[in-house]
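Subject: Structure for you to look at

Hello,

Please find the structure below, followed by notes on what turned up in it.

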Amino acid sequence: MNGTISSIGDRRDYKNIEVRPLTLHIGAEIHGVDFKQPVDAETLREVRDAFVKWKVVFFRGQHLDHAQHVAMARLFGEPTIGHAVFGHEAEYPEIYSIAKERTANSNRATKMMTPWAGWHTDITAAVNPPMASILRGVTIPPYGGDTFWTNLGAAYAGLSDKMQRFVEGLRGVHRFEASAGKPQNTRDESVRRRSMVSEHPLVTVHPESGERMLFVSPSFLKSIVGLTPRESQQVLELLWEHVVRPEYTVRFKWEPGDIAFWDNRSTCHLAPTDIFQSDFDRQLYRITLVGEPLVGVDGSRSSSIEGDPILSVETELARKSA
Ligand code: SIN
């Protein structure tokens, strides 16, 4: 067992921000930044450093509006279109509405069947999944509705040496799946309209930290290249279960105005399902940042099987209007 995990304790010397880790492996609150004001380069560098290290960072009580959310996102990268498959806010093409009853949820009847159901890294069916996501809470239930993230670096480090060597040589096929046969609902129609299938290394090397990640996104990763269907399913079930082990995760209790900023190259997350058992409303908004194809331990890169990469919002809009 490779038991030493690099992310123990935050001993870094931050001058402008305060970083308060929430668990041993993943998740930290950052204090001392107000995204409604200009943020200087040194503070941004420190936030970026904490984001890469802690994989998901939280900013409490920011209360940004849509325009301020977009401006904040642009400090860290190029926004994509709100959601490449499920659309965007009418006036703000960079923003995707995470409403309680949203299109992406319309096949949620299958949730809760297995411990890993619903866990995902954003849009890994694309050859270049978004590099980060920035989620802003607006209407938050008084209780319930927490979001979970898991650390894919800790998950890789938690495998035996032999298993690490085995998975390092494998590639996974990630796809958005509509129901078989005729489209059953709006979700299926959207998935068919922008069909995406891609192959990613099962172990990736993080481009900023160099850390190895077990790049397993349970909702999108459907098979392993070169294995028989039975072998593939059995190995995947082992890996899906492994990446969502509670010790690799953090659970975030939202307050209105909070922001979660996660590294999509090193995490999976789980949207809550308990909200559907209450009358409480829940409304959040998300912006994702353009990502690059992933790189495996041997230098091999992600490849597209079907569909286009997800580009900047400007390029996507120009493409749509052409
Ligand atoms: C998401 O999957 O980006 C949404 C997470 C949430 O609703 O908490």
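Apart from its neighbours within four places in sequence, N264 is in contact (heavy atoms within 4.5 Å) with T121, D122, P129, P130, M131, A132, S133 and F215. N264 sits in the loop between β13 (259-263) and β14 (267-270); helices (H or I, at least four residues) and strands (E, at least two) are DSSP runs, numbered from the N terminus. With a relative accessibility of 1%, N264 counts as buried; buried means under 20% relative accessible area, exposed over 50%, and partly exposed in between (1.4 Å probe, protein chains only).

This is a predicted model, in which local features need pLDDT of at least 70 and side-chain atom pairs count only at pLDDT 80 or more, while totals for chains, interfaces and linings use all residues. Residues are numbered from 1 along each chain as its sequence is written, and side-chain values use heavy atoms, with hydrogens and water left out.

- T147, at 2.6 Å
- R282, at 2.8 Å
- H269, at 3.0 Å

The protein covers 98% of the 260 Å² of accessible area that the ligand has on its own (Shrake-Rupley method, 1.4 Å probe; for residues, only the protein chains shown count as cover).

Last, the salt bridges. The structure holds 20 of them, each a side-chain nitrogen of Lys or Arg within 4 Å of a carboxyl oxygen of Asp or Glu.

E208 and R48 form one, at 2.7 Å from N to O. E208 is in the loop between β9 (203-205) and β10 (212-214) and R48 in helix α1 (residues 41-54), so the pair ties together parts that are 160 residues apart in sequence. Both R48 and E208 also belong to a network of salt bridges with D263 and R265.

R212 pairs with E168, their closest N and O atoms being 3.0 Å apart. This pair links strand β10 to helix α4 (residues 161-168), 44 residues apart. R212 is partly exposed at 32%, whereas E168 is buried at 14%.

Regards

Key:
Polar contact = N/O pair within 3.5 Å; in protein donor to acceptor, adjacent residues only side chain to side chain.
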